[in-house]
Structure formats: C-alpha cells, structure tokens
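Hi,

Here is the structure I promised to pass on.

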Amino acid sequence: MEDGFSSYSSLYDTSSLLQFCNDDSASATSSMEVTDRIASLEQRVQMQEDEIQLLKSALADVVRRLNQSEEQQAMGSRRGPTKARPMIATLPLRPTVNNGTVLPKKGSSTLPSPSGPGSRKDASPATNKSTVRRANSNEHVGTLSRKDSGDSKGNRTRAGSTGSNSSSKRSDSKQRDPVFNAGMRHVTHCKEEGFVKMFLKGRPITMFMPKDQVDSYSLEARGELPSNKLKLDWVYGYRGRDCRSNLYLLPTGETVYFIASVVVLFNVDEQLQRHYTGHTDDIKCLAVHPDKITIATGQVAGTSSDGKLAPHVRVWDSVSLNTLHVLGTGFFDRALVCLAFSKSNGGNTLCIVDDSNDHVLSVWDWQREERLAEAKCSNESVFAADFHPTDSNIVVTCGKSHLYFWTLEKGMLVKKQGLFEKQEKPKFVLCVTFAENGDAITGDSSGNILVWGKGTNRISRVIQGAHEGSIFTVCMLRNGTLVSGGKDRRLISWDSSYQQIQTVEVLEFFGPIRTIAEGRGETVLIGTTKNFVLQGSLDGEFMPITQGHTDELWGLAVHPWKPQFLTCGYDRQVCLWDSCTHQLIWTKTLEDTAQSAGFHPSGAVVSVGTQTGRWLVLDTDSKDLVTVHTDGNEQLSVMRYGPDGNFLAIGSHDNYIYIYAVAENGRKYSRVGKCSGHSSFITHLDWSVDSQYLVSNSGDYEILYWIPSVCKQVVSVETTRDIEWFTHTCTLGFQVFGLWPEGSDGTDINAACRSNDKSLLVTGDDFGKVHLFSYPCSQFRAPSHVYRGHSSHVTNVSFLHDDSYLVSTGGKDMSVLQWRIV
C-alpha cells in the first residue's frame with residue numbers, strides 16, 4: 001500500500017505546488033488587464049486544488065484496486081468484465097504553464113482518441129477557445145489521458161459556479177458521503193452541492209440534480225420496476241444473405257423463417273405475426289417435422305453479460321410456441337449449420353451438422369434427447385444435410401468439394417463419397433433434394449443439376465448448364481415438379497423427365513434466389529440473398545411479403561406526428577416504414593453508407609448522416625433529395641433538430657457539433673458554426689424544450705452543455721441543472737445514470753430513449769438486450785424489464801410519437817423489432 005502510494009508521489013511531486021505558487025512569470029506581464037489577472041489567479045487556485053485531488057484520487061485508486069484484488073481472489077476463477085489499466089497510463093499529467101496560460105490537458109494526451117487518428121486534428125482549434133472557459137467546463141469528465149484521475153480536473157464543474165469551490169472540495173473529502181462500490185464502477189452522492197458522481201472505467205462523471213431534488217434525494221433509495229412491459233409486436237427482416245433452407249409454409253397458413261434470435265411465424269393473409277423467442281443468439285438453421293407442427297432451430301455460440309452461451313438445437317411446438325427439447329448443449333462447437341428431420345420413421349430422428357473444424361454430423365433421437373451416432377463430416381464447409389425420404393438410415397450431406405452418402409449402421413455412420421467420374425467435379429455442391437422415386441438431386445456452383453440413382457453414389461443424369469452460375473436451391477413440389485433457383489435470379493421448373501417447363505426471373509433489386517418453398521396451391525415462396533421473402537407463382541410475378549436491411553443497421557428516426565419510422569445503415573438503404581400496416585412506404589439508395597437520421601419537427605423532411613461526413617435532407621413524402629452538405633470527413637453519429645425546427649445539431653466523430661440554422665420548413669440550411677470542446681467523438685445529443693440549450697455526450701464520457709445559436713459552451717451549474725430537456729437520448733446524466741449495469745465498461749449501452757410521457761426509459765445494449773426502466777432512472781442499479789430478440793448489439797431505440805410502440809434496431813443482425821407497450 002505504502003509502496004503504491006509512494007510511486008504515485010514520485011510521479012506527481014507535490015513540491016511542484018510550491019514551485020508553481022512562487023512562479024510569478026505567469027502573471028508578470030505588465031500589459032495584462034485586470035480580468036486576465038483574475039482569470040490567471042483562478043486558474044492557479046484550480047491547479048493547486050487539482051494537485052491535491054490528484055493525490056487523493058491516486059490513493060483512492062490504490063485502495064480500490066486492492067479491494068478488487070481481494071474480491072477476485074475470494075471469488076476464485078471469476079473474472080471481471082474489464083481489465084485493470086496500468087496506473088501510469090491512466091493518471092493525468094500535470095499541465096504546463098506558458099505565458100500565463102494553462103494549456104488544455106487534452107493537448108498533451110498520450111493516448112489516441114477512440115474516434116481514430118482523424119479526431120486529433122481538432123486539438124489545436126479547441127485550444128484556441130477561451131482557456132478559462134475550458135478549464136471550468138461544466139460536468140467535464142476529463143480527456144482520454146485522464147482516465148483514472150479521480151476528481152481532478154476531470155470534474156471542473158465546481159469551479160464553474162462562483163464561490164462554490166472550497167465548499168464542494170471539502171464535501172468531496174467527507175467520509176460520510178454514501179458510496180456504492182461496483183467493481184470498476186462506484187457512485188458517490190454529495191448532498192451539500194447536489195450532485196452524484198459515477199465512475200466509468202475509473203473516470204469520474206459528475207451529474208448535478210435539479211434544485212428541487214437536492215434535499216429529498218437519497219442514493220440508498222431503491223428504484224422501482226415500471227408498471228408497463230413490452231411485447232414483441234412485429235419483426236422486420238429475413239436472414240437470407242448467408243443462410244439456407246430457412247423458409248417454409250405451415251398448414252396454418254403461416255410462413256416460418258428467422259432473423260436475429262427470433263423465429264417468425266407470419267400469416268400473410270391476416271397480416272399477423274407470432275414469434276418464438278427461446279433462442280439467445282443468432283439462429284442459423286431451421287427444420288420442419290413431417291407433422292408440420294414441430295420445428296427445430298439451431299443457434300450459434302454467443303456471449304452475454306453473464307458469460308458464454310453454448311450452441312444448441314431447440315425443438316419446439318409451433319402452435320403453443322413451447323420449447324419441447326434442447327439438444328447438444330456442450331456437444332456442438334461454434335454454431336449449427338444444417339438440420340433435418342427424418343421422414344420415413346415418423347420423424348423420430350434429427351440429423352445435425354455443426355460448424356466446428358470437422359463439421360461433425362450427428363444423428364439424434366430428439367424425443368429422448370439422445371445422440372445415436374456421430375462422425376466427422378468434412379473439414380470444408382457443409383451447406384446441406386437431409387434424410388432420404390424412404391430410408392431413415394440414409395443421410396446425404398454436401399458442401400465444398402464433396403457429396404457424401406451416409407448410412408447409419410449399429411450406432412456408426414458409414415460414409416460413401418459421391419463419384420463424379422466423367423462429370424467435372426464442381427467446387428461447391430450447394431443443395432440437395434429427393435425425387436419421388438428416391439433419387440437424390442443436387443445443384444452446384446457450376447450451374448449443373450445432377451441426379452444420383454437411388455441407393456447409389458453415382459450420377460444417373462446430368463442437366464448441364466441448368467443455370468448461369470451457382471444453383472443455391474432445389475425444391476421438389478408435391479406434384480412432382482422440380483424447381484431450381486440461384487445466382488442468376490431465375491426460377492426454373494422441370495418436369496419428371498427433367499425437361500424445362502418454364503422460367504421466371506426475379507428483379508435484380510430482390511437479389512439472387514437463396515431458397516424455395518412450396519406455398520398454398522400454385523404459389524411459391526422465395527427467400528433471396530438481399531433478405532426478401534417473395535410470394536408468387538411459376539407463371540406470374542413475385543411480390544415481397546417481407547424485406548429488410550442487408551448490412552449493419554444504426555440509423556433510426558421516428559416521425560414527429562405519424563405512425564412512421566425511418567431506418568438506415570451500411571447497406572446504403574434508407575427505408576421509411578409504416579408501424580400500423582408494417583409495410584415499407586419507400587426506400588432510397590444512397591451513395592454512402594448511412595449512420596444516423598432525424599426528422600424535422602414538421603415531419604416534412606428527414607436528414608440522414610453518413611459515414612463520410614456528408615449529410616442529406618430528403619422529402620418525407622416523395623423521398624426526393626432536398627439538399628446535401630458536408631461537415632468533416634468522419635461519420636456523423638447524431639442528427640437532431642431543435643423542437644422549434646429552427647436549428648439542426650450534427651454530432652460528428654471528429655469531436656465537433658455542427659450547428660445549422662434551418663428555414664423554409666426544413667428546406668434551407670445555413671451553417672452557424674461548430675461547438676468545439678469535446679475531446680472525443682460525439683455519441684448523443686438532446687435539445688432543451690425551449691430550443692435554447694443543447695447537451696452532448698462523448699466517447700470519453702463527457703457531459704457538456706451548449707448555447708447552439710452562438711456555439712458557446714455553458715459552464716454554470718446553476719444554469720444547466722434545471723433545464724428541461726425535450727428528449728432524453730443521452731446515456732449520461734442525473735436522470736438516467738441508473739441505467740448503467742454493474743461492472744459496465746462505459747461502452748455497452750449504445751442507445752437510450754425516454755418516452756414522450758416521461759414515465760419510461762428504454763436502452764439497447766451490446767448483448768442484444770432491450771431494457772425497460774422507470775423514468776427518471778436516477779437510482780444506482782435501477783431494476784428493469786429485460787427483453788431478448790436481437791442477436792447483435794442493439795444500436796438504437798426510440799418510442800413512436802404517441803408512445804404506442806417502441807422500435808429497436810440490431811447492428812449486425814440487421815433486424816428491426818417493433819414492441820408494443822402494454
């Protein structure tokens with residue numbers, strides 16, 4: 001303990017205090033005006049207090065780390081969510097004095113900004129701002145070089161309030177203040193000054209409460225669960241880009257498919273969806289039992305805040321949505337890629353291929369949850385596996401450079417390789433199905449359909465060049481017609497003697513055909529690689545019944561007075577949706593990948609921010625382009641209009657907030673300036689109800705306040721603590737700090753949104769969870785209702801204008817989920 005403290009003392013020598021106090025060079029300039037002298041003296045006082053606080057924080061950090069070490073030893077193998085940082089890297093450096101000016105500490109940062117090298121170019125402009133104002137910034141949490149500096153210059157709010165310096169410093173040293181310790185995160189409450197201080201990754205975040213709560217607030221009080229709950233109402237999207245054989249029609253008239261960790265049962269005629277939500281991560285494969293009621297789905301290995309999730313198969317009832325059996329937990333590796341029920345023995349067995357290096361094929365008695373046999377299938381990719389329709393002991397698998405016929409004999413799987421003989425061996429055998437007579441039919445990457453005689457491993461028939469390019473799917477209809485589809489977007493039907501009947505080509509906009517399923521009567525269902533589900537007939541037009549994004553999804557904006565919302569992402573698609581009809585109103589393709597969006601209060605236009613610094617304004621009704629602007633060359637994380645519609649604030653990854661004056665109902669824009677002061681990228685913005693103030697959060701946990709009309713920072717606590725905010729999307733602030741989970745590293749909450757009636761707060765996290773809290777959420781470890789559905793980080797959440805629904809977007813799962821508030 002003493003050794004640790006002495007090491008910090010040597011790094012931050014307190015003798016510098018005397019040196020600094022006796023140095024008159026900082027104020028010796030005879031031409032310095034009175035105000036400058038006062039400012040210089042204020043800075044000196046602040047510097048002395050910072051040095052003292054630095055020593056305090058260093059000591060506190062040593063104690064905290066010792067406590068952590070003891071806890072970890074006591075808890076054995078359990079590991080915390082974040083690693084301890086080396087103290088030398090996390091302690092701040094002393095500022096230098098140059099001609100009476102205290103240089104901003106972010107200029108001497110030895111660590112890169114999270115926004116990358118490009119974010120450092122703004123260090124010089126920020127320095128040109130008034131250093132007195134920067135030194136007294138309100139609710140500032142320090143730059144990246146000040147990560148574990150306790151309450152040094154990281155919290156300069158007290159200096160911003162005249163006359164409160166000494167009293168608040170004294171209150172910090174009181175031992176009677178309530179403290180909640182949560183590993184890398186603890187919370188303290190200073191009742192005299194009316195603030196709560198939270199530490200994320202060792203960085204202090206000071207949050208001042210409204211004056212009317214100063215006397216009544218208690219940190220020890222327990223938060224309450226909200227009386228409302230969420231119910232999954234609609235799932236937008238389908239996973240066809242990288243999954244196969246995942247589209248079926250049930251006798252109930254429901255189309256079954258999956259996206260993220262949700263299986264969707266969609267009745268197209270009645271426009272109703274039901275959802276199976278038993279999975280905890282990405283679903284990769286699906287199989288329907290011959291009884292057309294029982295369904296099996298397999299998921300990938302995943303992670304959660306509680307640890308790792310094992311890949312497994314869930315067998316469930318499509319009527320009741322109850323889970324019947326869970327297979328293979330602890331046996332499978334990485335993920336499940338293929339599933340199929342047997343057909344001739346009443347569907348009693350299930351074959352499964354996992355995504356391990358050997359792509360292990362296993363056969364299960366799923367009702368007994370008993371593994372009957374297993375074998376290494378191939379060290380190359382496996383794309384399909386299926387039981388023979390008349391012999392439940394024969395399984396066929398295919399994939400990269402192979403086609404295998406497996407026979408189950410006495411608990412062993414015996415393999416026979418398909419012989420291509422004179423036929424050129426394709427690079428990939430992509431799909432397999434069976435004819436009525438038991439022949440196996442495959443489609444491959446050479447565009448050929450091959451027929452393999454029943455009970456043999458030899459080719460009996462070749463349809464050379466059936467498609468131009470890869471054949472992704474073959475499907476045998478009830479009437480004996482074979483249907484094939486692939487990369488050429490053609491749907492070709494073949495008769496029993498493999499003569500072509502007719503060809504239908506789907507639009508390029510829909511993408512190549514990934515899977516085919518038989519619908520009712522003459523209808524056929526198609527899943528495409530661009531994540532469309534199409535419905536049509538072999539001699540007619542195909543129309544989408546489900547569609548979604550095809551790449552990572554970040555942008556979400558809700559219409560100010562209509563039941564509509566807009567999504568955008570890395571697929572360069574901007575989509576406007578109707579939450580009542582669940583239909584796509586329009587979609588527009590951009591030149592750049594999209595990152596963020598925001599509606600003008602009139603609803604007439606919507607602005608879209610991209611990853612390149614460009615932003616566009618689109619007409620909401622016609623989707624026509626209104627105007628284009630560029631600010632910087634980094635991604636624009638937030639687009640937020642003021643409630644009166646006269647200003648637009650744009651938060652960028654170059655650490656600036658760009659302010660534009662808006663006229664003509666959102667059709668004319670003129671740049672006012674940029675707010676400079678953050679030392680990391682902007683993450684969230686909110687406007688005050690009167691449109692006079694702006695609050696911002698950044699990647700290094702700063703909370704700064706602004707007067708956007710003049711691009712000036714507000715440093716007075718008395719001014720900012722009682723501001724009423726029109727929205728609350730910032731994840732840092734007194735009203736919302738309870739949303740942070742124990743052990744958080746400060747990056748695992750991506751988005752927050754307060755309901756319009758100010759009673760609920762919702763968040764999206766890195767573990768695919770949506771959390772519903774009561775608002776205000778200003779108690780440590782506030783309880784919440786937790787909902788699954790996403791399988792990737794939840795990138796955005798927002799209530800619709802009337803709080804009837806909540807919309808959440810998944811990042812890499814590309815899904816949009818609509819939740820009903822009940």
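Which residue in β17 does R314 stand opposite? R314 faces V326 there. Before I go on, a word on how to read this: it is a predicted model, where local features need pLDDT of at least 70 and side-chain atom pairs count only at pLDDT 80 or more, while totals for chains, interfaces and linings use all residues. Residues are numbered from 1 along each chain as its sequence is written, and side-chain values use heavy atoms, with hydrogens and water left out.

**Around β16**

Strands here (E, at least two residues) and helices (H or I, at least four) are DSSP runs, numbered from the N terminus. Two strands pair if DSSP finds at least two bridges between them. β16 covers residues 313-317 and has partners β13 (residues 294-299), with five bridges, and β17 (residues 323-327), with four. Both pairings are antiparallel. β16 and β17 make a hairpin with five residues between them, and L321 in the turn has a positive phi of about 65°.

Five of the five residues of β16 are buried, where buried means under 20% relative accessible area, exposed means over 50%, and partly exposed is in between (1.4 Å probe, protein chains only). V313, V315 and D317 point one way, while R314 and W316 point the other way.

**The cores**

A nonpolar core is a set of buried Ala, Val, Leu, Ile, Met, Phe, Trp, Tyr and Cys residues joined through side-chain atoms within 4.5 Å. The largest one has 40 residues, and L230, F565, V762, V770, F799, L806 and W819 have the most contacts inside it. Strand β7 (residues 230-236) gives the most to this core, with five residues. Apart from it lies another core of 32 residues, including M198, V214, A752 and Y775.

Four strands form an open antiparallel sheet in the order β46-β47-β48-β49. β46 (636-641) and β49 (668-675) are at the edges with a single partner strand each, so one side of each has no neighbour in the sheet. Neighbouring strands are turned by 20° against each other on average, direction ignored; the axes behind that angle are lines fitted to C-alpha atoms. Strand β48 (residues 657-663) is joined to β49 by seven bridges, and Y658 stands opposite K674 in β49.

**Aromatic pairs**

Rings of Phe, Tyr and Trp (its six-membered ring) pair if their centres lie within 6.5 Å; planes under 30 degrees apart count as stacked, over 60 as edge-to-face and the rest as tilted. By this rule there are 26 aromatic pairs. In one of them, the rings of W615 and Y669 have centres 5.4 Å apart and planes at 80°, so the pair is edge-to-face. W615 is in strand β44 (residues 614-619) and Y669 in β49, 54 residues apart. W615 is buried at 0% relative accessibility, and Y669 is buried at 9%.

F647 and W687 form a stacked pair, 6.4 Å centre to centre with 25° between the planes. F647 lies in strand β47 (residues 647-652) and W687 in strand β50 (residues 682-687), so this pair ties together parts 40 residues apart in sequence.

**Two buried loop residues**

T731 lies in the loop between α9 (717-720) and β54 (749-754) and is buried, with a relative accessible area of 5%. Not counting residues up to four places away in sequence, T731 touches H684, N697, V736, L739, W740, I749, A751 and A752.

N448 lies in the loop between β27 (440-444) and β28 (449-452), and is buried at 4% relative accessible area. The C-alpha atoms of N448 and I471 are separated by 7.4 Å, though these residues are 23 apart along the chain.

Cheers

Key
Axes fitted to C-alpha atoms, helices over the stretch in contact; angles between N-to-C directions. Contact = heavy atoms within 4.5 Å.
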